[in-house]
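Trainee: I have a new model open and would like to walk through it. Can we take it piece by piece?

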Amino acid sequence: MSSERDWKLFRKRLPEWQERCMQSLLNEYAAIIAAAESPSTKFWKLEKRLKQDVRRVGVQAEMSRSSMHFNLLCLLNEKVITMSDLDGFSEELVASLAEVYNHEREPPSRSLRLKQNNEKDTLPIFRIERP
């Protein structure tokens, strides 16, 4: 569960992160428009990208306390923010994000195992699919 301090900090920083993301996207769109291709090819490439990008958390995010952790993971996966952008958030939140975020980058051959007899079973880990 997120703390009130984390929630306030997230709400404060998200608009800045989204502006940074959208500026990066605009630069990519400008490169599409400037490409040496026919106008129709550029138009349809740009239209496809806009449809994809509008779903990114770096562009549009559900603002609820319960989705904050997921939104932060998406922002990390979308490379809108880095772990250093999480300075000021609680150690617990940063640690839990780092655990999942770093797990995402491990080779797919690594599998989870159920613990032996008297140990509790491990909980399933849900991965965020990359676009």
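**Walking through the helices**

Mentor: Start just after α3, where lysine 79 takes a positive phi of about 60°. Keep in mind that this is a predicted model.

Trainee: Which loop holds lysine 79?

Mentor: Its positive phi comes although lysine 79 is not a glycine. Most residues other than glycine have a negative phi. As for its place, lysine 79 is found in the loop between α3 and α4 (91-104).

Trainee: Is lysine 79 buried or exposed?

Mentor: The cut-off for exposed is over 50% relative accessible area. Lysine 79 has 62% relative accessibility, so it counts as exposed.

Trainee: Step back for a moment. How many helices and strands does the chain have?

Mentor: From the N terminus on, the elements run α-α-α-α. That gives 0 strands and 4 helices.

Trainee: What percentage of the chain's residues count as buried?

Mentor: Buried means under 20% relative accessible area. The chain has 131 residues, and the share that count as buried is 33%.

Trainee: What share of the contacts with a separation of 6 or more comes from residues 24 or more positions apart?

Mentor: Take the contacts in the chain with a separation of 6 or more as the total. Residues 24 or more positions apart account for 62%.

Trainee: Now helix α2. How far apart are its end C-alpha atoms?

Mentor: Helix α2 covers residues 39-53, which is 15 residues. At 1.5 Å a residue, it should span 21 Å. The distance between its end C-alpha atoms agrees, at 21 Å.

Trainee: Which residues of α2 are buried, and what arc do they cover?

Mentor: The buried residues of α2 are Lys42, Leu46, Arg49 and Asp53. They sit on the same side of α2, because the arc they cover around the axis is only 65°.

Trainee: Which exposed residues does the face of α2 turned away from its buried side carry?

Mentor: Look at the face turned away from the buried side of α2. The exposed residues there are Trp44, Lys48 and Lys51.

Trainee: What covers the buried residues of α2?

Mentor: Go back to Lys42, Leu46, Arg49 and Asp53, the buried residues of α2. Their cover includes α1 (4-34).

Trainee: How do α1 and α3 pack, and what is the handedness of their crossing?

Mentor: Two packed helices are described by the angle between their axes and the distance between the axes. For α1 and helix α3 (residues 68-77), the angle is about 35° and the axes are 11 Å apart. The crossing of α1 past α3 is left-handed.

Trainee: Which residues make that contact, and how do they divide into nonpolar, polar and charged?

Mentor: From α1 come Asp6, Trp7, Phe10, Leu14 and Trp17. From α3 come Met68, Asn71, Leu72 and Leu75. The residues of the contact of α1 with α3 divide into 7 nonpolar, 1 polar and 1 charged.

Trainee: How many residues of α3 are buried?

Mentor: Its buried residues are Met68, Asn71, Leu72, Leu73, Cys74, Leu75, Leu76 and Asn77. So α3 is mostly covered, and the count of buried residues among its 10 is 8.

Trainee: Take asparagine 71. What does it touch?

Mentor: Asparagine 71 is found in helix α3. It counts as buried, at 3% relative accessibility. Not counting residues up to four places away in sequence, asparagine 71 touches Phe10, Val57, Ala61 and Glu62.

Trainee: And cysteine 74: how far is its C-alpha atom from that of arginine 56?

Mentor: Cysteine 74 lies in helix α3 and counts as buried at 9% relative accessibility. Arginine 56 is 18 residues apart from cysteine 74 along the chain. Their C-alpha atoms are separated by 7.9 Å.

Trainee: Which residues is leucine 75 in contact with?

Mentor: Leucine 75 counts as buried, at 0% relative accessibility. Its C-alpha atom and that of valine 57 are separated by 6.3 Å. Leaving aside neighbours within four places in sequence, the contacts of leucine 75 are Phe10, Leu14, Trp17, Val57, Gly58, Val80 and Ile81.

Trainee: Last one, glutamine 60. Which residues does it touch?

Mentor: Glutamine 60 lies in the loop between α2 and α3. Its C-alpha atom is separated by 9.8 Å from that of proline 15, 45 residues apart along the chain. Not counting residues up to four places away in sequence, glutamine 60 touches Gln18 and Val54.

How values were computed. Residues numbered from 1 in each chain as written. Predicted model: local features only at pLDDT ≥ 70, side-chain atom pairs only at ≥ 80, totals over all residues. Heavy atoms only, no water. Helix = DSSP H or I, 4+ residues; strand = E, 2+ residues; numbered from the N terminus. Expected span 1.5 Å × (residues − 1). Buried < 20%, exposed > 50% of the residue type's maximum accessible area, 1.4 Å probe, protein only. Arc of directions from axis to C-beta. Contact = heavy atoms within 4.5 Å. Axes fitted to C-alpha atoms, helices over the stretch in contact; angles between N-to-C directions. Left-handed = near helix turned anticlockwise from the far one by under 90°. Nonpolar A, V, L, I, M, F, W, Y, C, P; charged D, E, K, R; others polar.
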